[in-house]
Amino acid sequence: MASLTLPTDLCQGETVTPYVLKSSELYPLVYAGDAVVPGTPGNVSGQCLPNSLDAKKVRGKIVVCLRGSGLRVAKGLEVKRAGGAAIILGNAVANGNEIPVDAHVLPGTAVSSDDAIAILKYINAARRPSSARTVLGVTPAPVMAAFSSRGPNRVEPNILKPDITAPGLNILAAWSESSSPTKLEDDHRSVKYNLYSGTSMSCPHVSAVAALLKSLHPDWSSSAIRSAMMTTAAVVNTRGAPLTDAAGQAAGPLELGSGHVRPNHASDPGLVYDASYEDYLLFACSSIGVQMDPSFPCPETSPSPSDLNYPSIAISDLNGSVTVRRTVTNVGPGATRYRVTVTEPTGVSVSISPGVLSFKRVGQKKSFSVTLKARGTPGKVYVAGSYTLSDGAHVVRSPIVVSVA
C-alpha cells in the first residue's frame with residue numbers, strides 16, 4: 001500500500017488506485033471549496049458533490065475533497081468529470097486517523113483528519129502548492145477502526161463485549177466481476193479483487209483462525225478456542241505502544257476487547273478457560289431468567305452472570321466488593337507453574353487467590369478467585385485493568401472492566 005506525501009513530508013495518505021500521475025511532474029493543489037460553481041451551499045462546498053466543481057478551476061490539478069455528505073468514490077468521479085488530475089480525500093474530524101482506501105476512477109489517496117487540516121494550511125500558505133512522492137511501509141499498525149462496535153454489553157453488562165478485534169479495514173478479497181469496484185453506475189470497470197472494510201471483513205479472519213485451531217486441537221471446545229484467541233491477543237502496535245483508536249487515543253477493552261488476534265500465539269496458549277453446555281444454561285438462568293433446556297431446570301439461586309468461566313471479567317455497578325471464580329485448564333507442558341500479576345482498574349482493588357497455580361499434567365484444571373473492591377467513586381464510568389497468568393513461556397492475559405455504582 002503506497003502513501004502520497006507532500007513537500008517536506010508534511011503528511012501521508014493511503015491509496016490502492018491503479019492510476020498514477022507522471023512522476024516527473026509536480027501537480028498544482030487546489031481545495032475543492034475554492035473551486036466550486038456559484039450557488040454551491042457553503043456547508044458542503046469542499047465535499048466534491050456531483051456537479052459542484054468548476055472545471056476551469058480544477059482542470060489538471062489535484063483536488064482536495066473532504067468526507068461528509070456523499071459517497072467517497074463519487075467524490076473522485078466528480079473530480080474526474082471536472083477534469084481534475086487526481087483527488088486527495090481528507091477525513092472529517094469524526095473519522096480521525098482511520099483511512100479506508102477506495103478504487104477511485106482516477107489517481108487518488110486518502111488522508112487522516114489531522115493531515116487534511118495540514119494540507120489545507122499548506123495550500124493557504126504556499127504560493128504554488130503542489131504534490132510530491134510516494135513512500136511505503138508506513139507505521140504504526142494496527143489501529144482500532146472507528147466503525148467497529150463498542151462496549152459496554154447492553155444485553156448483559158456482566159460479560160465483556162467485544163471479545164476481540166481482527167483485521168477489518170482495507171481487506172483484499174475476491175470480488176464479483178459483475179459489479180464494478182466502486183458500485184457506481186458510471187464505473188464500468190471489472191475486477192477480480194477489491195479492498196473492502198467492515199465487521200464483515202473482520203469476521204472471516206476470526207472464523208478462519210478458529211478453524212485452524214480446531215484442526216490443530218480437535219478435542220478443544222468452542223469455548224477453549226475462543227479463550228485461546230482472547231488470552232493471547234495483542235494490545236500493542238508494531239511500535240510497541242498501546243493500540244489506539246482512529247482519533248489516536250489509547251483503545252481499551254470496550255473498544256477492542258482482549259486485543260488484536262494473533263493466530264500463532266493462539267495455537268499454543270498454555271491455559272484455556274473452558275465452559276460446558278451446563279455452564280451456559282446456568283448463565284441463561286442468571287442473566288435472563290430463562291430455562292433454555294427442559295431437562296435442566298434453573299436452580300433457586302443462580303450464580304452471577306460474571307461467574308461464567310469467561311476469558312475476561314466484567315462487573316456492572318460494583319458496590320462494595322464482589323468475588324468471581326475462574327477455572328483454567330492446562331493445555332501446555334505437563335508440569336508447569338503460573339504466577340499471577342494484576343493491573344488494577346482506577347479506583348478498584350483486585351486480589352487473586354491463589355497467586356500461584358501449579359500443574360502436574362496436561363488437562364489438569366485449577367480454580368482461583370478474583371475479588372474486586374471499589375475504593376473510589378469514578379462516577380458510573382467504566383474503568384479497565386487486567387490480570388495475567390504466566391509460566392515464563394506463556395502469557396495468558398484477561399481484561400477486567402468495572403463500572404462502580
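This is a predicted model: local features need pLDDT of at least 70, side-chain atom pairs count only at pLDDT 80 or more; totals for chains, interfaces and linings use all residues.
**Strand β5 and its partner**
- Strand β4, which covers residues 62-66, pairs with β5 in the parallel sense, and the pairing runs over 5 bridges.

**The chain as a whole**
- The secondary structure of the protein chain consists of 8 helices and 18 strands, and its C-alpha trace spans about 75 × 45 × 45 Å along the principal axes.
- Of the 405 residues in the protein chain, 47% are buried.
- The accessible surface of the chain amounts to about 19700 Å², and carbon and sulfur atoms account for 54% of that surface.

**An open sheet of antiparallel strands**
- Four strands form an open sheet in the order β10-β12-β16-β14, and their pairing is antiparallel.
- The edges of this sheet are β10 (271-272) and β14, each of which has a single partner strand, so one side of each is left without a neighbour in the sheet.
- Strands β12 and β16 pair in the antiparallel sense over 9 bridges, and one of the residues involved is V322, whose bridge partner in β16 is L372.

**The largest nonpolar core**
- The largest nonpolar core contains 24 residues, and those with the most contacts inside it are V328, V348, F368, V370, L372, L389 and V402.
- Several strands give two or more residues to this core, including β12 (321-330), β14 (348-353), β16 (365-374) and β18 (395-404).
- Strand β18 supplies the largest share of the core, which is 4 residues.
- L372 touches residues that include V322, V348, I400 and V402, when residues up to four places away in sequence are not counted.
- In soluble globular proteins, nonpolar side chains tend to be buried together.

**A nonpolar patch on the surface**
- I288, V290 and M292 form a nonpolar patch on the surface, and together they have about 280 Å² of accessible area.
- M292 is found in the loop between α8 (277-288) and β11, and this residue counts as exposed because its relative accessible area is 52%, where the cut-off is over 50%.

**Two further residues**
- S202 is found in helix α4, residues 199-216, and is buried, with a relative accessible area of 15%.
- Leaving aside neighbours within four places in sequence, S202 is in contact with A166, P167 and G168.
- T327 lies in strand β12 and counts as partly exposed, with 24% relative accessibility.
- The contacts of T327, again leaving aside neighbours within four places in sequence, include V272, Y273, N309 and K365.
- From C-alpha to C-alpha, T327 and A103 are 49 Å apart in space, and they are 224 residues apart in sequence.

Key:
Residues are numbered from 1 along each chain as its sequence is written. Side-chain values use heavy atoms; hydrogens and water are left out. A nonpolar core is a set of buried Ala, Val, Leu, Ile, Met, Phe, Trp, Tyr and Cys residues joined through side-chain atoms within 4.5 Å. Buried means under 20% relative accessible area, exposed over 50%, partly exposed in between (1.4 Å probe, protein chains only). Contact means heavy atoms within 4.5 Å. Patches are made of residues with over 30% relative accessible area and no salt bridge: like charges are joined within 9 Å, nonpolar side chains (Val, Leu, Ile, Met, Phe, Trp, Tyr) within 5 Å. Accessible areas come from the Shrake-Rupley method with a 1.4 Å probe; for residues, only the protein chains shown count as cover. A salt bridge is a side-chain nitrogen of Lys or Arg within 4 Å of a carboxyl oxygen of Asp or Glu. Two strands pair if DSSP finds at least two bridges between them.
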